[in-house]
Amino acid sequence: MANDKEVVKEVEWRINVGDSSLERARFACMWVVIEGMAFKLCKFVKKAWELGLNDPRKFIHCLKVGIALSAVSFFYYLKPLYDGVGGNAMWAIMTVIVVFEYTAGATISRTINRLCGNSIAGFLAIGVHWIATRAGGELEPIISGVSLFLLASAATFFRFIPTMKARFDYGALAFILTFSMVSISGYRVDELLVMAQYRICTVIIGGSLCIIVSLIIQPIWAGMELYVLITGNLDKLANSLQCCVAQYFSYDEAPEAGSDEEFNKKLLGYKCVLSSKATEEVMANLARWEPPHGRFNFRHPWKQYLKIGASMRCCASCIDALIGCINSKNKASDDMKKNMSSISIKVGASTASIIRELAITIRNMKKSSKVDTLVAEMNSAAKELRNLIKSYPNLVNQQSHNAQDTPTEAASPCEVAAKTEVPLMEIIQVVTVASLLIEIVARVEGIVKAVEELSNLAKFQPAMCATSKEQNDEEAMKTLQMV
(Lines give C-alpha, C1' and ligand atoms only; values in the text may rest on other atoms or scores of the structure.)
Protein backbone atom coordinates (compact mmCIF):
# COMPACT_ATOMS: atom_id res chain seq x y z
CA MET A 1 0.00 0.00 0.00
CA ALA A 2 2.83 2.34 0.84
CA ASN A 3 4.42 1.73 -2.55
CA ASP A 4 1.12 2.50 -4.34
CA LYS A 5 0.83 5.84 -2.56
CA GLU A 6 4.37 6.74 -3.54
CA VAL A 7 3.59 5.93 -7.20
CA VAL A 8 0.47 8.11 -7.10
CA LYS A 9 2.38 10.98 -5.54
CA GLU A 10 5.11 10.63 -8.13
CA VAL A 11 2.55 10.77 -10.95
CA GLU A 12 0.86 13.79 -9.43
CA TRP A 13 4.22 15.51 -9.08
CA ARG A 14 4.95 14.89 -12.74
CA ILE A 15 1.59 16.43 -13.75
CA ASN A 16 2.31 19.55 -11.78
CA VAL A 17 5.64 19.91 -13.53
CA GLY A 18 3.76 20.09 -16.90
CA ASP A 19 1.67 23.16 -15.91
CA SER A 20 4.15 25.60 -17.44
CA SER A 21 3.99 23.92 -20.84
CA LEU A 22 0.20 23.85 -20.65
CA GLU A 23 0.14 27.58 -19.98
CA ARG A 24 2.41 28.17 -22.94
CA ALA A 25 0.05 26.12 -25.11
CA ARG A 26 -2.92 28.15 -23.91
CA PHE A 27 -1.08 31.38 -24.59
CA ALA A 28 -0.20 30.16 -28.09
CA CYS A 29 -3.85 29.26 -28.77
CA MET A 30 -5.00 32.66 -27.53
CA TRP A 31 -2.43 34.36 -29.74
CA VAL A 32 -3.62 32.38 -32.77
CA VAL A 33 -7.23 33.34 -32.02
CA ILE A 34 -6.33 37.03 -31.60
CA GLU A 35 -4.26 36.97 -34.77
CA GLY A 36 -7.14 35.37 -36.68
CA MET A 37 -9.61 37.96 -35.39
CA ALA A 38 -7.23 40.76 -36.32
CA PHE A 39 -6.86 39.33 -39.83
CA LYS A 40 -10.63 39.11 -40.25
CA LEU A 41 -11.02 42.67 -38.96
CA CYS A 42 -8.45 43.98 -41.44
CA LYS A 43 -10.17 42.07 -44.22
CA PHE A 44 -13.53 43.54 -43.23
CA VAL A 45 -12.12 47.08 -43.13
CA LYS A 46 -10.56 46.57 -46.56
CA LYS A 47 -13.89 45.40 -48.03
CA ALA A 48 -15.72 48.31 -46.42
CA TRP A 49 -13.18 50.75 -47.82
CA GLU A 50 -13.49 49.24 -51.32
CA LEU A 51 -17.28 49.46 -51.03
CA GLY A 52 -17.03 53.16 -50.27
CA LEU A 53 -14.57 53.77 -53.10
CA ASN A 54 -16.80 51.98 -55.61
CA ASP A 55 -19.77 54.14 -54.61
CA PRO A 56 -18.72 57.33 -52.73
CA ARG A 57 -22.39 58.22 -52.26
CA LYS A 58 -22.51 55.71 -49.41
CA PHE A 59 -19.87 57.72 -47.55
CA ILE A 60 -21.83 60.90 -48.25
CA HIS A 61 -25.03 59.34 -46.94
CA CYS A 62 -23.31 58.39 -43.70
CA LEU A 63 -22.11 61.97 -43.27
CA LYS A 64 -25.62 63.28 -43.98
CA VAL A 65 -27.10 61.08 -41.24
CA GLY A 66 -24.45 62.32 -38.82
CA ILE A 67 -25.19 65.94 -39.72
CA ALA A 68 -28.94 65.49 -39.20
CA LEU A 69 -28.49 63.79 -35.83
CA SER A 70 -25.99 66.41 -34.67
CA ALA A 71 -28.34 69.22 -35.67
CA VAL A 72 -31.41 67.73 -33.98
CA SER A 73 -29.43 67.03 -30.79
CA PHE A 74 -29.25 70.79 -30.18
CA PHE A 75 -32.83 70.55 -28.93
CA TYR A 76 -31.30 68.84 -25.91
CA TYR A 77 -28.05 70.79 -25.67
CA LEU A 78 -29.45 74.34 -26.01
CA LYS A 79 -31.67 75.38 -23.10
CA PRO A 80 -33.99 77.71 -25.10
CA LEU A 81 -34.78 74.93 -27.53
CA TYR A 82 -35.15 72.37 -24.77
CA ASP A 83 -37.56 74.65 -22.89
CA GLY A 84 -39.68 74.84 -26.03
CA VAL A 85 -40.23 71.09 -26.45
CA GLY A 86 -39.06 69.63 -23.15
CA GLY A 87 -38.40 65.91 -22.84
CA ASN A 88 -40.28 65.30 -26.07
CA ALA A 89 -37.13 66.34 -27.97
CA MET A 90 -36.21 62.67 -27.93
CA TRP A 91 -39.04 62.10 -30.41
CA ALA A 92 -37.27 64.39 -32.90
CA ILE A 93 -34.08 62.35 -32.53
CA MET A 94 -36.01 59.09 -32.97
CA THR A 95 -37.67 60.53 -36.06
CA VAL A 96 -34.31 61.28 -37.66
CA ILE A 97 -33.06 57.76 -36.92
CA VAL A 98 -36.07 55.92 -38.38
CA VAL A 99 -36.85 58.34 -41.24
CA PHE A 100 -33.51 59.18 -42.86
CA GLU A 101 -33.02 56.85 -45.86
CA TYR A 102 -30.51 56.50 -48.69
CA THR A 103 -32.59 58.19 -51.41
CA ALA A 104 -34.47 61.46 -51.20
CA GLY A 105 -37.71 59.77 -52.24
CA ALA A 106 -37.47 57.23 -49.42
CA THR A 107 -36.76 59.97 -46.86
CA ILE A 108 -39.69 62.09 -48.03
CA SER A 109 -41.98 59.06 -48.14
CA ARG A 110 -41.16 57.94 -44.60
CA THR A 111 -41.38 61.49 -43.24
CA ILE A 112 -44.81 62.15 -44.72
CA ASN A 113 -46.04 58.69 -43.71
CA ARG A 114 -44.82 59.17 -40.15
CA LEU A 115 -46.29 62.66 -39.89
CA CYS A 116 -49.67 61.63 -41.29
CA GLY A 117 -49.80 58.44 -39.24
CA ASN A 118 -48.91 60.24 -36.00
CA SER A 119 -51.30 63.13 -36.65
CA ILE A 120 -54.30 60.93 -37.48
CA ALA A 121 -53.54 58.59 -34.60
CA GLY A 122 -53.14 61.51 -32.20
CA PHE A 123 -56.45 63.12 -33.15
CA LEU A 124 -58.31 59.80 -32.97
CA ALA A 125 -56.75 58.93 -29.63
CA ILE A 126 -57.74 62.31 -28.19
CA GLY A 127 -61.30 61.89 -29.54
CA VAL A 128 -61.61 58.38 -28.08
CA HIS A 129 -60.21 59.63 -24.76
CA TRP A 130 -62.75 62.46 -24.66
CA ILE A 131 -65.63 60.04 -25.29
CA ALA A 132 -64.30 57.55 -22.75
CA THR A 133 -63.96 60.15 -20.00
CA ARG A 134 -67.54 61.33 -20.61
CA ALA A 135 -68.81 57.76 -20.29
CA GLY A 136 -67.62 57.37 -16.70
CA GLY A 137 -64.87 55.61 -14.81
CA GLU A 138 -66.19 52.07 -15.29
CA LEU A 139 -66.69 52.30 -19.05
CA GLU A 140 -63.55 54.31 -19.79
CA PRO A 141 -61.10 51.35 -19.95
CA ILE A 142 -63.62 49.29 -21.93
CA ILE A 143 -64.12 51.99 -24.57
CA SER A 144 -60.38 52.59 -24.82
CA GLY A 145 -59.61 48.87 -25.13
CA VAL A 146 -62.32 48.24 -27.75
CA SER A 147 -61.22 51.24 -29.83
CA LEU A 148 -57.60 50.08 -29.64
CA PHE A 149 -58.60 46.61 -30.82
CA LEU A 150 -60.71 47.85 -33.73
CA LEU A 151 -58.37 50.53 -35.05
CA ALA A 152 -55.20 48.46 -34.66
CA SER A 153 -56.84 45.53 -36.45
CA ALA A 154 -58.10 47.76 -39.26
CA ALA A 155 -54.69 49.42 -39.71
CA THR A 156 -52.97 46.03 -39.77
CA PHE A 157 -55.36 44.77 -42.45
CA PHE A 158 -54.72 48.00 -44.34
CA ARG A 159 -51.06 46.97 -44.61
CA PHE A 160 -52.02 43.80 -46.51
CA ILE A 161 -53.59 45.71 -49.42
CA PRO A 162 -50.89 45.71 -52.16
CA THR A 163 -51.48 49.23 -53.47
CA MET A 164 -51.59 50.68 -49.97
CA LYS A 165 -48.63 48.66 -48.73
CA ALA A 166 -46.42 49.98 -51.52
CA ARG A 167 -46.84 53.63 -50.50
CA PHE A 168 -48.34 53.84 -47.01
CA ASP A 169 -47.07 50.79 -45.13
CA TYR A 170 -44.84 52.80 -42.80
CA GLY A 171 -47.65 55.31 -42.18
CA ALA A 172 -49.95 52.51 -41.02
CA LEU A 173 -47.25 51.19 -38.72
CA ALA A 174 -46.68 54.68 -37.26
CA PHE A 175 -50.45 55.01 -36.77
CA ILE A 176 -50.64 51.78 -34.77
CA LEU A 177 -47.66 52.74 -32.61
CA THR A 178 -48.80 56.29 -31.87
CA PHE A 179 -52.46 55.44 -31.26
CA SER A 180 -51.50 52.65 -28.87
CA MET A 181 -49.10 54.84 -26.89
CA VAL A 182 -51.39 57.87 -26.73
CA SER A 183 -54.61 55.99 -25.95
CA ILE A 184 -53.02 53.82 -23.26
CA SER A 185 -51.02 56.61 -21.64
CA GLY A 186 -54.10 58.86 -21.76
CA TYR A 187 -55.70 56.67 -19.12
CA ARG A 188 -53.10 57.86 -16.60
CA VAL A 189 -52.02 61.23 -18.05
CA ASP A 190 -54.24 64.28 -17.57
CA GLU A 191 -52.73 66.67 -20.13
CA LEU A 192 -53.10 64.34 -23.08
CA LEU A 193 -53.68 67.10 -25.65
CA VAL A 194 -50.46 68.90 -24.68
CA MET A 195 -48.45 65.68 -24.87
CA ALA A 196 -49.82 64.82 -28.33
CA GLN A 197 -49.18 68.36 -29.55
CA TYR A 198 -45.54 68.30 -28.42
CA ARG A 199 -44.88 64.91 -30.00
CA ILE A 200 -46.39 65.90 -33.33
CA CYS A 201 -44.30 69.06 -33.32
CA THR A 202 -41.10 67.14 -32.64
CA VAL A 203 -41.93 64.71 -35.44
CA ILE A 204 -42.38 67.66 -37.81
CA ILE A 205 -39.04 69.12 -36.67
CA GLY A 206 -37.13 65.87 -37.11
CA GLY A 207 -38.76 65.00 -40.43
CA SER A 208 -38.28 68.48 -41.88
CA LEU A 209 -34.62 68.43 -40.93
CA CYS A 210 -34.17 65.06 -42.65
CA ILE A 211 -35.79 66.31 -45.86
CA ILE A 212 -33.71 69.50 -45.89
CA VAL A 213 -30.42 67.66 -45.40
CA SER A 214 -31.36 64.97 -47.91
CA LEU A 215 -32.26 67.48 -50.63
CA ILE A 216 -29.48 70.01 -50.10
CA ILE A 217 -26.38 67.87 -49.57
CA GLN A 218 -25.66 65.73 -52.63
CA PRO A 219 -29.23 64.39 -53.08
CA ILE A 220 -29.57 60.80 -54.24
CA TRP A 221 -32.74 60.52 -56.34
CA ALA A 222 -34.69 57.29 -56.53
CA GLY A 223 -35.95 58.39 -59.95
CA MET A 224 -32.41 58.69 -61.26
CA GLU A 225 -31.57 55.26 -59.82
CA LEU A 226 -34.53 53.78 -61.69
CA TYR A 227 -33.59 55.63 -64.86
CA VAL A 228 -29.99 54.34 -64.76
CA LEU A 229 -31.18 50.81 -63.93
CA ILE A 230 -33.54 50.63 -66.92
CA THR A 231 -31.03 52.02 -69.43
CA GLY A 232 -28.29 49.76 -68.10
CA ASN A 233 -30.54 46.70 -68.35
CA LEU A 234 -31.29 47.56 -71.98
CA ASP A 235 -27.59 47.51 -72.76
CA LYS A 236 -27.13 44.22 -70.91
CA LEU A 237 -30.04 42.70 -72.80
CA ALA A 238 -28.57 43.72 -76.16
CA ASN A 239 -25.14 42.34 -75.25
CA SER A 240 -26.61 39.04 -74.06
CA LEU A 241 -28.59 38.55 -77.24
CA GLN A 242 -25.70 39.32 -79.56
CA CYS A 243 -23.23 37.21 -77.56
CA CYS A 244 -25.69 34.31 -77.49
CA VAL A 245 -26.04 34.25 -81.27
CA ALA A 246 -22.29 34.72 -81.68
CA GLN A 247 -21.53 31.81 -79.37
CA TYR A 248 -23.86 29.39 -81.16
CA PHE A 249 -22.86 30.22 -84.69
CA SER A 250 -19.16 30.72 -83.84
CA TYR A 251 -19.24 34.31 -85.01
CA ASP A 252 -15.70 35.68 -84.80
CA GLU A 253 -16.74 39.31 -84.43
CA ALA A 254 -18.13 38.99 -80.94
CA PRO A 255 -19.15 42.35 -79.46
CA GLU A 256 -16.07 43.72 -77.71
CA ALA A 257 -15.25 40.38 -76.16
CA GLY A 258 -11.68 40.96 -75.01
CA SER A 259 -11.59 37.79 -72.91
CA ASP A 260 -13.67 34.73 -72.15
CA GLU A 261 -14.55 36.13 -68.72
CA GLU A 262 -15.79 39.40 -70.19
CA PHE A 263 -17.67 37.55 -72.91
CA ASN A 264 -19.42 35.30 -70.37
CA LYS A 265 -20.26 38.34 -68.24
CA LYS A 266 -21.99 39.97 -71.20
CA LEU A 267 -23.65 36.70 -72.17
CA LEU A 268 -25.25 36.31 -68.73
CA GLY A 269 -26.20 39.97 -68.37
CA TYR A 270 -29.84 39.13 -69.07
CA LYS A 271 -30.06 37.58 -65.59
CA CYS A 272 -29.81 41.07 -64.10
CA VAL A 273 -32.90 41.98 -66.09
CA LEU A 274 -34.79 38.96 -64.78
CA SER A 275 -33.95 39.77 -61.14
CA SER A 276 -34.57 43.52 -61.17
CA LYS A 277 -38.37 43.55 -60.84
CA ALA A 278 -38.47 44.17 -57.08
CA THR A 279 -35.87 46.96 -57.28
CA GLU A 280 -37.73 48.66 -60.13
CA GLU A 281 -41.02 48.62 -58.23
CA VAL A 282 -39.44 50.05 -55.07
CA MET A 283 -37.64 52.81 -56.97
CA ALA A 284 -40.75 53.72 -58.96
CA ASN A 285 -42.83 54.02 -55.78
CA LEU A 286 -40.21 56.20 -54.10
CA ALA A 287 -39.69 58.36 -57.19
CA ARG A 288 -43.33 59.50 -57.03
CA TRP A 289 -42.61 61.28 -53.74
CA GLU A 290 -39.71 63.30 -55.11
CA PRO A 291 -39.99 66.89 -56.36
CA PRO A 292 -38.98 67.75 -59.96
CA HIS A 293 -35.25 67.40 -60.43
CA GLY A 294 -32.95 67.48 -63.43
CA ARG A 295 -34.91 66.64 -66.56
CA PHE A 296 -37.62 64.84 -64.61
CA ASN A 297 -40.57 67.19 -64.39
CA PHE A 298 -43.52 67.09 -62.05
CA ARG A 299 -45.67 63.95 -62.49
CA HIS A 300 -43.03 62.20 -64.57
CA PRO A 301 -44.47 58.85 -65.81
CA TRP A 302 -42.49 56.58 -63.49
CA LYS A 303 -45.01 53.75 -63.95
CA GLN A 304 -44.05 53.54 -67.60
CA TYR A 305 -40.54 52.46 -66.60
CA LEU A 306 -42.14 49.45 -64.94
CA LYS A 307 -43.84 48.56 -68.22
CA ILE A 308 -40.51 48.82 -70.02
CA GLY A 309 -38.95 46.59 -67.37
CA ALA A 310 -41.74 44.02 -67.77
CA SER A 311 -41.25 44.00 -71.55
CA MET A 312 -37.51 43.50 -71.06
CA ARG A 313 -38.11 40.56 -68.73
CA CYS A 314 -40.32 38.91 -71.36
CA CYS A 315 -37.45 39.24 -73.82
CA ALA A 316 -34.87 38.09 -71.24
CA SER A 317 -36.90 34.96 -70.45
CA CYS A 318 -36.85 34.11 -74.15
CA ILE A 319 -33.05 34.60 -74.21
CA ASP A 320 -32.82 32.27 -71.22
CA ALA A 321 -34.73 29.63 -73.17
CA LEU A 322 -32.46 30.26 -76.16
CA ILE A 323 -29.33 29.67 -74.08
CA GLY A 324 -30.89 26.53 -72.62
CA CYS A 325 -31.56 25.23 -76.13
CA ILE A 326 -28.01 26.01 -77.24
CA ASN A 327 -26.56 24.13 -74.25
CA SER A 328 -28.78 21.07 -74.76
CA LYS A 329 -27.33 17.65 -75.58
CA ASN A 330 -28.86 17.53 -79.07
CA LYS A 331 -26.27 19.32 -81.19
CA ALA A 332 -26.80 20.36 -84.77
CA SER A 333 -24.17 19.68 -87.41
CA ASP A 334 -21.90 22.44 -88.70
CA ASP A 335 -23.56 22.24 -92.10
CA MET A 336 -26.94 22.96 -90.60
CA LYS A 337 -25.52 25.95 -88.70
CA LYS A 338 -23.75 27.36 -91.75
CA ASN A 339 -26.97 27.21 -93.74
CA MET A 340 -28.70 29.44 -91.18
CA SER A 341 -25.82 31.36 -89.62
CA SER A 342 -25.79 34.45 -91.83
CA ILE A 343 -29.49 35.27 -91.54
CA SER A 344 -29.60 34.37 -87.82
CA ILE A 345 -26.63 36.61 -87.09
CA LYS A 346 -28.35 39.35 -89.05
CA VAL A 347 -31.50 38.99 -86.94
CA GLY A 348 -29.50 39.02 -83.70
CA ALA A 349 -27.43 42.05 -84.71
CA SER A 350 -30.43 44.09 -85.88
CA THR A 351 -32.38 43.22 -82.73
CA ALA A 352 -29.46 44.18 -80.49
CA SER A 353 -29.07 47.46 -82.41
CA ILE A 354 -32.70 48.35 -81.74
CA ILE A 355 -32.35 47.68 -78.01
CA ARG A 356 -29.22 49.84 -77.82
CA GLU A 357 -30.95 52.61 -79.74
CA LEU A 358 -33.83 52.49 -77.25
CA ALA A 359 -31.32 52.85 -74.41
CA ILE A 360 -29.84 55.92 -76.13
CA THR A 361 -33.34 57.33 -76.62
CA ILE A 362 -34.10 57.12 -72.92
CA ARG A 363 -30.69 58.48 -71.88
CA ASN A 364 -30.93 61.52 -74.13
CA MET A 365 -34.68 61.90 -73.67
CA LYS A 366 -34.95 62.50 -77.40
CA LYS A 367 -37.04 60.57 -79.87
CA SER A 368 -34.88 58.57 -82.24
CA SER A 369 -35.12 58.84 -86.00
CA LYS A 370 -33.44 55.44 -86.45
CA VAL A 371 -35.87 53.18 -84.60
CA ASP A 372 -38.40 52.86 -87.42
CA THR A 373 -35.68 52.00 -89.93
CA LEU A 374 -34.08 49.47 -87.59
CA VAL A 375 -37.44 47.85 -86.86
CA ALA A 376 -38.12 47.49 -90.58
CA GLU A 377 -34.70 45.86 -91.08
CA MET A 378 -35.31 43.54 -88.13
CA ASN A 379 -38.71 42.45 -89.45
CA SER A 380 -37.26 41.89 -92.92
CA ALA A 381 -34.50 39.69 -91.51
CA ALA A 382 -37.02 37.81 -89.35
CA LYS A 383 -39.18 37.18 -92.44
CA GLU A 384 -36.20 35.69 -94.28
CA LEU A 385 -35.44 33.48 -91.30
CA ARG A 386 -39.08 32.38 -91.14
CA ASN A 387 -39.06 31.42 -94.81
CA LEU A 388 -35.85 29.47 -94.29
CA ILE A 389 -37.43 27.51 -91.44
CA LYS A 390 -40.37 26.58 -93.67
CA SER A 391 -37.98 24.97 -96.15
CA TYR A 392 -36.50 22.60 -93.59
CA PRO A 393 -39.40 20.06 -93.55
CA ASN A 394 -38.88 19.56 -97.30
CA LEU A 395 -35.23 18.83 -96.60
CA VAL A 396 -36.15 16.22 -94.01
CA ASN A 397 -38.64 14.55 -96.38
CA GLN A 398 -36.07 14.50 -99.16
CA GLN A 399 -33.42 12.88 -96.98
CA SER A 400 -35.95 10.37 -95.66
CA HIS A 401 -36.99 9.51 -99.22
CA ASN A 402 -33.37 9.01 -100.22
CA ALA A 403 -32.85 6.71 -97.25
CA GLN A 404 -35.91 4.64 -98.20
CA ASP A 405 -34.74 4.33 -101.84
CA THR A 406 -31.51 2.70 -100.68
CA PRO A 407 -31.36 -1.01 -101.81
CA THR A 408 -32.48 -3.45 -99.18
CA GLU A 409 -29.25 -5.41 -99.37
CA ALA A 410 -27.28 -2.27 -98.55
CA ALA A 411 -29.39 -1.09 -95.60
CA SER A 412 -31.94 -2.67 -93.34
CA PRO A 413 -35.20 -0.92 -92.33
CA CYS A 414 -33.67 -0.13 -88.90
CA GLU A 415 -30.70 1.55 -90.54
CA VAL A 416 -33.03 3.55 -92.78
CA ALA A 417 -34.99 4.71 -89.74
CA ALA A 418 -31.77 5.62 -87.94
CA LYS A 419 -30.57 7.68 -90.91
CA THR A 420 -33.90 9.47 -91.02
CA GLU A 421 -33.73 10.21 -87.31
CA VAL A 422 -30.22 11.65 -87.55
CA PRO A 423 -31.10 14.52 -89.95
CA LEU A 424 -34.28 15.13 -87.97
CA MET A 425 -32.37 15.50 -84.67
CA GLU A 426 -29.82 17.76 -86.35
CA ILE A 427 -32.57 20.03 -87.62
CA ILE A 428 -34.51 20.21 -84.33
CA GLN A 429 -31.98 22.38 -82.48
CA VAL A 430 -31.38 24.76 -85.40
CA VAL A 431 -35.10 25.20 -86.00
CA THR A 432 -35.72 25.77 -82.29
CA VAL A 433 -32.97 28.41 -82.11
CA ALA A 434 -34.38 30.16 -85.17
CA SER A 435 -37.93 30.01 -83.78
CA LEU A 436 -36.76 31.56 -80.50
CA LEU A 437 -34.99 34.33 -82.41
CA ILE A 438 -38.25 35.10 -84.22
CA GLU A 439 -40.07 35.15 -80.87
CA ILE A 440 -37.43 37.54 -79.49
CA VAL A 441 -38.11 39.84 -82.45
CA ALA A 442 -41.79 39.98 -81.46
CA ARG A 443 -40.93 40.72 -77.85
CA VAL A 444 -38.47 43.44 -78.78
CA GLU A 445 -41.32 45.15 -80.63
CA GLY A 446 -43.11 45.23 -77.26
CA ILE A 447 -40.13 47.07 -75.76
CA VAL A 448 -40.20 49.51 -78.67
CA LYS A 449 -43.89 50.26 -78.05
CA ALA A 450 -43.28 50.78 -74.32
CA VAL A 451 -40.41 53.21 -74.97
CA GLU A 452 -42.47 55.10 -77.56
CA GLU A 453 -45.27 55.46 -75.01
CA LEU A 454 -42.74 56.77 -72.48
CA SER A 455 -41.43 59.31 -74.99
CA ASN A 456 -44.97 60.60 -75.54
CA LEU A 457 -45.91 60.72 -71.85
CA ALA A 458 -42.62 62.32 -70.77
CA LYS A 459 -42.65 64.65 -73.79
CA PHE A 460 -39.24 63.72 -75.15
CA GLN A 461 -37.69 66.16 -77.59
CA PRO A 462 -38.53 65.42 -81.23
CA ALA A 463 -36.10 63.45 -83.36
CA MET A 464 -33.39 65.48 -85.06
CA CYS A 465 -31.81 63.82 -88.04
CA ALA A 466 -28.86 66.21 -87.99
CA THR A 467 -27.86 65.30 -84.45
CA SER A 468 -24.36 63.90 -84.52
CA LYS A 469 -23.14 60.92 -82.55
CA GLU A 470 -20.79 63.14 -80.55
CA GLN A 471 -23.71 65.27 -79.35
CA ASN A 472 -25.65 62.18 -78.30
CA ASP A 473 -22.66 60.85 -76.39
CA GLU A 474 -22.20 64.23 -74.69
CA GLU A 475 -25.87 64.26 -73.61
CA ALA A 476 -25.54 60.73 -72.25
CA MET A 477 -22.40 61.64 -70.28
CA LYS A 478 -24.11 64.67 -68.74
CA THR A 479 -27.00 62.46 -67.64
CA LEU A 480 -24.70 59.89 -66.09
CA GLN A 481 -22.80 62.62 -64.23
CA MET A 482 -26.05 63.62 -62.56
CA VAL A 483 -26.25 60.26 -60.77
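Reader: Is K266 buried or exposed, and what is its relative accessible area?

Author: K266 is buried, with a relative accessible area of 15%, where buried means under 20% relative accessible area, exposed means over 50%, and partly exposed lies in between (1.4 Å probe, protein chains only). This is a predicted model, in which local features need pLDDT of at least 70 and side-chain atom pairs count only at pLDDT 80 or more, while totals for chains, interfaces and linings use all residues. Residues are numbered from 1 along each chain as its sequence is written, and side-chain values use heavy atoms, with hydrogens and water left out.

Reader: With which residue does K266 form a salt bridge?

Author: A salt bridge is a side-chain nitrogen of Lys or Arg within 4 Å of a carboxyl oxygen of Asp or Glu. K266 forms one with E262, the closest N and O atoms being 3.9 Å apart, and E262 is partly exposed at 34%. Both residues lie in helix α12 (residues 260–267), four residues apart, about one turn of the helix; helices are DSSP runs (H or I, at least four residues), numbered from the N terminus.

Reader: How far apart are the closest N and O atoms of R313 and E280?

Author: In the salt bridge between R313 and E280 that distance is 3.0 Å. R313 belongs to helix α15 (residues 302–326) and E280 to helix α14 (residues 277–287), so the pair ties together parts that are 33 residues apart in sequence. Both R313 and E280 are buried.

Reader: How many salt bridges does the rule give?

Author: The count comes to ten salt bridges, and R159, K165 and D169 are linked in a network of them.

How values were computed: Helices (H or I, at least four residues) and strands (E, at least two) are DSSP runs, numbered from the N terminus.
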